[in-house]
2 protein chains.
Amino acid sequence: MEVDKKEEIASDSSEQVVNPWEVSAKDGGKIDYDKLIDQFGCQRLDESLIDRVERLTSRQPHVFLRRGVFFAHRDFDLVLDAYERGDKFYLYTGRGPSSEALHLGHLIPFMFTKYLQEAFKVPLVIQLTDDEKCMWKNLSVEESQRLARENAKDIIACGFDVTKTFIFSDFDYVGGAFYKNMVKVAKCVTLNKAMGIFGFSGEDHIGKLSFPPVQDPYFRMTRDVAPRLGYSKPALIESTFFPALQASGENGKMSASDPNSAIYVTDTAKDIKNKINRYAFSGGQDSIEKHREIGANLEVDIPVKYLSFFLEDDAELEHIKKEYGEGRMLTGEVKKRLTEVLTGMVERHRMARAAVTEEMVDAFMAVRPLPNMFE
Amino acid sequence: MEVDKKEEIASDSSEQVVNPWEVSAKDGGKIDYDKLIDQFGCQRLDESLIDRVERLTSRQPHVFLRRGVFFAHRDFDLVLDAYERGDKFYLYTGRGPSSEALHLGHLIPFMFTKYLQEAFKVPLVIQLTDDEKCMWKNLSVEESQRLARENAKDIIACGFDVTKTFIFSDFDYVGGAFYKNMVKVAKCVTLNKAMGIFGFSGEDHIGKLSFPPVQDPYFRMTRDVAPRLGYSKPALIESTFFPALQASGENGKMSASDPNSAIYVTDTAKDIKNKINRYAFSGGQDSIEKHREIGANLEVDIPVKYLSFFLEDDAELEHIKKEYGEGRMLTGEVKKRLTEVLTGMVERHRMARAAVTEEMVDAFMAVRPLPNMFE
C-alpha cells in the first residue's frame with residue numbers, strides 16, 4: 001500500500017489544477033476534494049473505514065485519519081481484508097531529494113507511514129528518487145545522492161523501526177530485479193500515453209520519459225500496468241495538500257524558492273515564531289471590535305489549519321476552533337499556541353535527527369530481507 | 001573504440017535505405033558505401049591507415065581490413081595516436097541476443113575484435129543487450145537472459161582472452177555507475193532528438209525511448225553526448241553489410257525469419273552444402289557456353305562475396321576471382337570451395353563452442369577489474 005500526497009494525474013478541470021507540479025484552486029478558493037475524488041475516480045476514506053482501522057488495530061486512528069488529512073484511497077479496504085485474513089502486505093512511500101532541509105509538509109507521509117507501520121506491524125519501503133531530482137532539477141548525480149542521504153537522516157528521525165524499514169536510493173539500488181521490472185513496466189506504456197499522463201513534450205529529455213517505470217508512486221500508471229504483469233494493484237491513500245503559510249484558502253503548495261512559505265525542520269524557535277506571526281494567513285477580522293463581533297473565518301485561517309494537522313488533542317483543537325470562530329479568541333493567541341506546537345515538534349525532530357548516525361543510515365539502507373516481506 | 005556493423009542513423013536518401021532495422025540499395029543494386037560515408041560524415045578506412053596498423057602492430061592486417069570489410073571509421077586515427085603514445089584504450093562491441101543460434105554475419109564483429117584485441121593487447125567489453133531484445137522482440141526477461149547466455153558461449157568460442165575480456169548482460173549489470181551514466185546521458189537527449197535519430201513514434205513504448213542511453217553503440221548520439229559529459233568521443237569502425245545468401249547485389253541483411261537466408265553456426269555440413277548450392281545467388285551465366293565466353297559477374301556473386309570475407313589466402317582468392325570472372329571457373333566449383341571453407345569454419349566453431357563450460361561463461365561475465373582498463 002502506498003502513501004503519498006499526490007497522484008500523478010493532471011486534472012482537466014478549468015477551475016482547479018492539481019498535478020504533481022501544480023496545485024491551484026478556483027479563484028483562490030478552496031480545493032474541492034469531493035470533485036478531485038470524482039475526477040480521479042478514487043474513494044472517500046470515510047468514517048466506516050476509519051472505524052474499521054480502529055477495530056483492527058485496537059488503537060485510536062491517527063490524527064491524520066480522524067481529521068480527514070488522508071481523505072481518499074484506492075483499494076485500502078482490500079488491504080484491510082488482507083490484514084484480516086493474515087495475508088502479507090507492505091507499505092511504500094518515497095521522497096524526491098531535491099533540497100537539504102525538509103519542511104513540515106514533507107514530514108506528513110512519513111509521520112503517517114510510521115503510524116501505519118506501528119499499527120499494522122508491516123514492512124515499509126521508502127524510495128529516494130535521487131535520479132528523478134538529478135533529471136528534473138538539473139542536480140549532479142553526486143549532489144542528488146548527497147541530498148538523498150541527508151534526507152534519509154530526517155526520515156529516520158521520524159522514528160521508523162529499522163528491523164521493518166528499507167530506505168533506498170535509486171542511483172544505488174536500480175539494477176537486477178528492479179531493472180527487470182522497469183523494463184517490464186516500460187513495455188506496457190506507450191510514448192503517447194506517457195505524454196498524456198505526465199504532460200511531457202518533445203523538448204523534454206528522454207530521462208523524463210524513462211523515469212515513470214522507476215518510481216512506483218506514479219500511481220495510476222502503476223495500477224494500470226501491475227495486473228498486466230500479474231501483480232496486484234497497489235492500494236493507495238491520498239492526503240489533502242498541506243498549505244503554504246501565506247495561503248488564503250488552500251491555493252499553492254509550499255515553494256522551495258520561498259523559504260518564508262513554509263516551516264522547515266531546520267528553523268530555529270525564533271524563525272518559527274517570526275514566520276507564523278508575519279506570514280501565516282489569518283482568518284481573523286481587521287479590527288478587534290469586528291473580530292469580537294463576527295469571529296474568525298476558519299475556512300481560510302492557516303494557524304487553525306496547521307493546528308488541525310499537528311495538535312494531537314482533539315478537545316483542545318475543538319475548543320480553539322469554537323472560541324476563535326466565535327471571536328472570543330484572537331489571532332495572536334492562536335498563533336502563539338501554533339508556535340508552541342511547532343517549536344516543540346521541530347525541536348523533537350532536531351534532537352532525533354542529531355542522534356541519527358551514519359551507521360544508522362547504513363543500517364536502514366542495507367540491502368537485506370525484511371521480515372514478513374514478499375519474496 | 002567500438003566495432004559494429006551499423007550506425008544508428010537513418011539515411012535520408014530516397015535511393016538507398018540504411019538504418020539499424022533496414023538495408024536496401026537503389027533498385028536492387030549495390031550499396032553505395034562512398035555515399036554512406038558522405039551521408040554519415042565518417043572517414044574512409046584507407047590504405048595509409050591500414051599500413052599504419054600493420055606498422056604499429058607488427059603483423060599482417062586482418063582480412064577484414066585488407067579487403068575493405070571494415071571500410072569506414074570515426075577517429076580510429078586518434079586511437080592509433082593514443083596507442084603510439086602508450087595511452088590506454090579499450091574495445092567495445094555488443095550483441096542483441098534475439099535468437100539462439102548466430103549466423104556468420106553475427107560473427108564478423110567478434111572475429112574482428114578478437115584480432116584487434118590480440119594485435120593491440122587491449123581490454124574488450126562485450127555488451128549483451130538482453131533488455132533491448134526483451135523490449136523490441138517482445139521476449140520475456142527470462143528468455144532474453146537465456147539467449148544472452150547462450151550467445152555468450154558462441155562469442156567465447158571465437159577465442160577471446162578471458163583475462164582481457166568482460167562480457168555482460170544488461171539485465172544483470174545495469175545499476176550503480178552504469179545507471180548513473182544512463183541518467184547523465186538521458187539528460188542530454190531530448191525526446192524530439194531521439195525520435196528524429198531513431199525514428200520512434202508515439203505508439204512505441206517508453207522502454208524504447210529509455211533504451212538509447214543504455215547501449216553504447218548508438219554511436220552518433222554517444223559521440224554527441226560524451227564530450228558534454230567530459231568524456232572522449234568513442235572512436236568507431238564500421239563494416240560493410242554481410243549479404244543474405246539470396247541477395248542479388250547487396251540488398252537486404254539476413255533475416256532471422258528465413259533460415260535459408262544465412263549460414264548458421266549450428267548448420268550441419270549437409271545444411272551448408274545444400275544452402276550454398278540451392279540459395280547462394282550466382283553471378284555466373286545461364287549456360288556454360290555463355291559463361292565460358294563472358295565470365296561471371298563478380299559484383300553480384302554471393303559465393304565470391306562470402307569467400308572474400310572468409311577465405312584467408314589472398315592469392316587463392318585472387319586466383320578464384322580471375323578464373324571465375326573470366327569464365328574458366330564455373331559457379332559449381334566456386335560453391336564447392338566456399339562449402340569447404342564454411343564447413344571448416346563452422347566445424348571449428350562447433351568444437352570450440354562445445355568446449356565452453358558454464359564456468360567459462362561465469363568467468364567471462366564476472367564483474368572484475370580488467371588489466372589496463374580505465375578506472
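A few ground rules come first. Residues are numbered from 1 along each chain as its sequence is written, while chains are lettered from A and ligands numbered from 1 in the order in which they are written. As the model is predicted, local features need pLDDT of at least 70 and side-chain atom pairs count only at pLDDT 80 or more, whereas totals for chains, interfaces and linings use all residues, and side-chain values use heavy atoms, with hydrogens and water left out.

Salt bridges make a handy starting point. With a salt bridge taken as a side-chain nitrogen of Lys or Arg within 4 Å of a carboxyl oxygen of Asp or Glu, the count over all chains is 59. One of them pairs Arg52(A) with Asp81(A), at 2.7 Å from N to O. Arg52(A) sits in helix H2 of chain A and Asp81(A) in helix H4 (residues 76-85) of chain A, so this contact ties together parts that are 29 residues apart in sequence. Helices here are DSSP runs of H or I with at least four residues, strands are runs of E with at least two, and both are numbered from the N terminus. Arg52(A) is buried, at 13% relative accessible area, but Asp81(A) is partly exposed at 27%. (Buried means under 20% relative accessible area, exposed over 50%, and partly exposed in between, using a 1.4 Å probe and protein chains only.)

Another bridge in chain A links Arg353(A) and Glu150(A), at 3.1 Å from N to O. Arg353(A) belongs to helix H17 (residues 331-354) of chain A and Glu150(A) to helix H7 of chain A, so the pair ties together parts that are 203 residues apart in sequence. Arg353(A) is partly exposed at 22%, and Glu150(A) is buried at 16%.

Over in chain B, Arg44(B) and Asp34(B) form a salt bridge whose closest N and O atoms are 2.5 Å apart. Since Arg44(B) lies in strand S4 (residues 43-44) of chain B and Asp34(B) in helix H1 (residues 33-40) of chain B, the parts tied together are ten residues apart in sequence. Both partners are partly exposed, Arg44(B) at 39% and Asp34(B) at 47%. Back in chain A, salt bridges that share partners gather Arg149(A), Glu150(A), Lys153(A), Asp154(A), Arg353(A), Glu358(A) and Asp362(A) into one network.

Next up is a strand pair. Strand S5 (residues 70-74) of chain A runs antiparallel to S9(A), and four bridges join them; DSSP must find at least two bridges for strands to pair. Arg74(A) stands opposite Leu236(A) in S9(A). In a regular strand the side chains alternate between the two faces of the sheet. In strand S9 (residues 236-239) of chain A, Leu236(A) and Glu238(A) point one way, Ile237(A) and Ser239(A) point the other, and all are buried.

Asn138(A) has a positive phi of about 55° despite not being a glycine. This residue lies in the loop between helix H6 (130-136) and helix H7 (141-156) of chain A and is exposed, at 62% relative accessible area. Lys121(B), also not a glycine, has a positive phi near 55°. Its loop runs between helix H5 (104-120) and strand S7 (124-128) of chain B, and Lys121(B) is exposed at 58%.
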